[in-house]
Amino acid sequence: MAFLRHNAWLLLALPPILLWFTAVNSIVPDPYLDEVFHVPQAKQYCDGRFLPWDPKITTPPGLYFISYLLKPVLGCSTTSLRAINLLCTLALAWILQRIYARRLLRRDSTGSQRLATHSALNTVLFPPLFFFSALYYTDISSTLAVALFHNSFTATDRSSLPSHNRRRNIRLVVYGLLALLFRQTNIFWVAIFPAGIVLFRELDRGHAVVKDSMYRQVAGFGDSWNGVARTSWKMEVLYDPPVQNSSLEDYLKCLVSLVTLVLKLPTQPLRLFDLLSAVSPVLIILLNFALFIVLNGGVVLGDKSNHVATLHTPQLLYLWPFFLFFSWPVILPHLFAPPLAILQRFAPQIRRLVPIKSSISASPRIVVLTGFTALALVMVRYNTTIHPFTLADNRHYVFYVFRLLMRPWWMRYLAAPVYVLSAWSCVQALGEPPVQAQDAAAGKDVAAESTASRTTAQGPNVSFLVIWLATTALNLITAPLVEPRYFILPWLFWRLHVPTSAAPTKPQSASGALATKAKSQYDKRLWLETAWFLAVNAVTGYMFLYRGFAWESEKGKVQRFMW
């Protein structure tokens, strides 16, 4: 009963998922596109034949093993196989709800539980993910496997359980290897990303007072590069301020601090041993993955000729407009912050109407914007890679995006400032929303008055963004093919760390008026995000089901639009 009470709201995911699943299996009952390879391979597994392998399939057989295990319950028809992803989508919503709830300051409040549930529901409605909940693709099950690992990784705090706890480490290894059974690139999110988190956490042993002095740039602490390095070496403290209050210099100081602490490790054998013990689960996962590469003769299974690793740095540029297109509802306050901040300089009375939090990052500096735009132009000029599949298959939306970017020739360069501004907005979204709710009648900031009666997710620190960017880069820049599905996990980890806020359903204040104001502080961006995702899913679903077309080379066969 307790399980149902805390997770009943997750059942709201059922109507759109069931509607989509029913429509797809009614109108497209036969395997479509990649399902043409996946479904026959799954049926081989259902029949107990594990050795035959279609060389066109390049990902591991995790989904086929699930199909084999569930055959006694579901069967092995195309519809039954697709139903596996429906079940995995519901399981993903439940796991994500637990992860979101853990990131809230007050996990015991009803408001925080509803906020976590709403965020989890929005995540499974994320269009490039939701679309495949009714098809037999590996994206849903692969994301679920990574979410299982991340849930276990974040479940235990270092303060309550030693990082080298044997049971927890075994569980992490099992979940990590399980994730690799679905997709090889999951190695970055079950090994590289957690290794970075553990590295920063274990190296940082500084006192909060010292950190505060560094962040306030007290003389001799954080006022210079030398001061940061000296303080990090002497006090064993990592320079790691919140993203919300950080400039480009803070990210560079964080790296200086990290390098300093790593250089000191050889002088501290016990600390080095503790660090190796803490990262032992991911080291085991990495060693197993390396063994797979040696035995397989490479990372890719099957058709290696069309999946050759190639340096493709513009992937890191395409990522940001992708985020902005889908997640503009949660980024929206930061899109308005720069022009409002500028207007306030000339018209201070605007602050009374729309207050902006004072932040050194309220708007991007011209020199930083120019520098990153120049870097983007260099990447576009010298490293743009167009995979043959990209402009050869007009069933995918990426085909139309790249056709727009490639013609005329200057369009790809015109997009450079868009990449940079999109990136800035997405990074700023990891801080608290700069536009605050305000009681116009009283002229007071309700958010400030009701701090004790609201639930707020903590924004991440600079170290998270450094690790996330490094992991995302490793995940993307070796892939010559641009596909929205490749961006799902980077988006998921970014979205998990976007701060949101909600008021508890029961008044915590003695003032009824204040309680009413607090109750209205539920993060309305989530409702806008829900509406946007449902709208995009409705449009792309309609295009897939009812706007089919035919190729001259395959007359009589319906081609359908998809991600």
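Helices here are DSSP runs of at least four residues, numbered from the N terminus, and the views below are taken from a predicted model.

**View 1. Gln315 in helix 16 of the predicted model**. Gln315 is found in helix 16, which covers residues 315-346. Its relative accessible area is 0%, and because residues under 20% count as buried, Gln315 is classed as buried. Leaving out residues up to four places away in sequence, Gln315 touches Leu476, Ala479, Leu481, Val482 and Phe487.

**View 2. Helix 4, with its kink and its buried residues**. Helix 4 is made up of 13 residues, 62-74, which at 1.5 Å a residue should span 18 Å, and the distance of 17 Å between its end C-alpha atoms agrees with that expectation. A kink of about 35 degrees lies at Tyr68, shortly before the proline Pro72. The buried residues of helix 4 are Gly62, Leu63, Tyr64 and Ser67, and what covers them includes helix 3 (35-46), helix 5 (78-102) and helix 8 (139-155). Just after helix 4, Gly75 takes a positive phi of about 90 degrees.

**View 3. The largest nonpolar core and the surroundings of Leu96**. The largest nonpolar core holds 128 residues, and those that touch the most other members are Leu96, Phe323, Trp468, Trp494, Phe544 and Met562. Helix 5 supplies the largest share of this core, with 12 residues. When neighbours within four places in sequence are set aside, Leu96 is in contact with Ala120, Thr123, Val124, Ala147, Leu492 and Leu496. A second, separate core consists of five residues, among them Val210, Met214, Val228 and Tyr239.

**View 4. The second largest cavity and its lining**. The count of cavities of 30 Å³ or more comes to six, and about 80 Å³ of space lies in the second largest cavity. Its lining is formed by 12 residues, of which Phe153, Leu172, Val198, Ala278 and Pro281 lie nearest the centre of the cavity. The elements that give two or more residues to this lining are helix 8, helix 9 (166-180), helix 10 (187-203) and helix 15 (280-296). Helix 10 gives the most, with three residues.

Key. Residues numbered from 1 in each chain as written. Predicted model: local features only at pLDDT ≥ 70, side-chain atom pairs only at ≥ 80, totals over all residues. Heavy atoms only, no water. Expected span 1.5 Å × (residues − 1). Bend = angle between axes of the 7 residues up to and from the residue. Buried < 20%, exposed > 50% of the residue type's maximum accessible area, 1.4 Å probe, protein only. Contact = heavy atoms within 4.5 Å. Core = buried A, V, L, I, M, F, W, Y, C linked by side-chain atoms within 4.5 Å. 1 Å grid on protein atoms, 1.4 Å probe; cavity = no way out; pocket = protein on both sides within 12 Å on 5 of 7 lines; lining within 4 Å. Points joined across faces, edges and corners; volume = space filled by probe spheres on them.
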